[in-house]
Structure formats: C-alpha cells, structure tokens
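Please walk through this structure one group of side chains at a time, with the sequence and the 3D view side by side.

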Amino acid sequence: MAELVPFAVPIESDKTLLVWELSSGPTAEALHHSLFTAFSQFGLLYSVRVFPNAAVAHPGFYAVIKFYSARAAHRAQKACDRKQLFQKSPVKVRLGTRHKAVQHQALALNSSKCQELANYYFGFNGWSKRIIKDRYHSL
C-alpha cells in the first residue's frame, strides 16, 4: 500500500521519534551527526534536534527526530530501540505521543525542503525553479 507524503512540515506524532539515554561524552553536534547518520537510513528526515537532559536528570542528551514518512518512523523505532547505535549503551526510541483532539494547521515547506523531498522520492537532483516555454506548445 502506498503512503501519501505531503509537501508540508511533518507535525504528526507518528512521524516523530523521541530518543533518550544518549551519552554525555560527545558534544551535541557530534550526537546530531551520529543520529542523522543512523536514522536517515530508514527514510528522509525533516529534522534532528538534540537537547541536554534536565538538571534533575543524569547528565546526557535526548533527541527529537522528525521523518516525512510515518512508515519510516515506525521502521526506525522498531530497528533502533534498545540498540547500541553509535555508543556503548543502548538508546531508547519511542514514537511521539500527542493527543488526537489537538488540531494543527499544516505548514508549507520552504523551497529547499520541497526540493529535498522531491529529490528523495523522485530520484532526481536537478530541479529548476524557472519556467521554460515549450517551443512546440504555446502557454
């Protein structure tokens, strides 16, 4: 069955992963790179955001990862939960949870994210923003 992937900012909870128990050793930037590398193998990522744990928690980080595709997020969650992806200890990975009663208006993607999404799914890396007149057909 095909999945519809809209050209909109992914806000649905089934496209969002929460990753925690990330090590305190590497920098947030290094973790961002490691997370991007590990999770992008499951599908195109909209964003990877890394945050320090709260002061009352143990030192370390957690991350919020957003996919364009709910299927990709589900595959990533199942494959990565409780695995040692890039550190000595396993990470925990869960799908986001958001109350269904909350309604959000879809936000359009900026042009560079639209090109990235089109390139990923259509397999082409040379999109043009220009309108070219077809000499055989009048517009």
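F7 counts as partly exposed because its relative accessibility is 41%, where buried means under 20% relative accessible area, exposed over 50% and partly exposed in between (1.4 Å probe, protein chains only). The residue is found in the segment before β1 (16-22); helices (H or I, at least four residues) and strands (E, at least two) are DSSP runs, numbered from the N terminus. Together with Y120, Y121, F122 and F124, F7 makes a nonpolar surface patch of about 550 Å². Patches are made of residues with over 30% relative accessible area and no salt bridge, with like charges joined within 9 Å and nonpolar side chains (Val, Leu, Ile, Met, Phe, Trp, Tyr) within 5 Å. The accessible areas come from the Shrake-Rupley method with a 1.4 Å probe, and for residues only the protein chains shown count as cover.

The model is predicted: local features need pLDDT of at least 70 and side-chain atom pairs count only at pLDDT 80 or more, while totals for chains, interfaces and linings use all residues. Residues are numbered from 1 along each chain as its sequence is written, and side-chain values use heavy atoms, with hydrogens and water left out.

Strand β1 holds T16. T16 is buried, since its relative accessible area is 13%. Leaving aside neighbours within four places in sequence, T16 is in contact (heavy atoms within 4.5 Å) with V64, I65, K66, R94, L95 and G96.

V48 belongs to strand β2 and is buried, with a relative accessible area of 10%. Between V48 and V64 there are 6.0 Å in space, C-alpha to C-alpha, although the two are 16 residues apart in sequence.

Which aromatic rings come together in this model? There are three aromatic pairs in the structure, a pair being rings of Phe, Tyr and Trp (its six-membered ring) whose centres lie within 6.5 Å; planes under 30 degrees apart count as stacked, over 60 as edge-to-face and the rest as tilted. One of them joins Y46 and Y68 edge-to-face, at 5.7 Å centre to centre and 85 degrees between the planes. Because Y46 lies in strand β2 (residues 45-52) and Y68 in the loop between β3 (61-67) and α2 (70-80), this pair ties together parts that are 22 residues apart in sequence. Y46 is partly exposed, with a relative accessible area of 22%, whereas Y68 counts as buried at 1% relative accessibility.

F51 and Y62 form another aromatic pair, this one stacked, with 5.2 Å centre to centre and 25 degrees between the planes. F51 is in strand β2 and Y62 in strand β3, so the pair ties together parts that are 11 residues apart in sequence. F51 counts as partly exposed at 23% relative accessibility, and Y62 counts as partly exposed at 29%.

A salt bridge is a side-chain nitrogen of Lys or Arg within 4 Å of a carboxyl oxygen of Asp or Glu. Because E116 and K113 are three residues apart in helix α3 (residues 111-122), they are separated by about one helical turn. K113 is partly exposed at 21% relative accessibility, and E116 is partly exposed with a relative accessible area of 32%. Salt bridges that share partners join D81, R82 and R94 into one network.

R82 counts as exposed at 52% relative accessibility, whereas D81 is buried, with a relative accessible area of 15%.

K15 forms a salt bridge with E12, and here the closest N and O atoms are 3.5 Å apart. K15 counts as buried at 7% relative accessibility, while E12 is partly exposed at 34%. By the salt-bridge rule the count comes to five.
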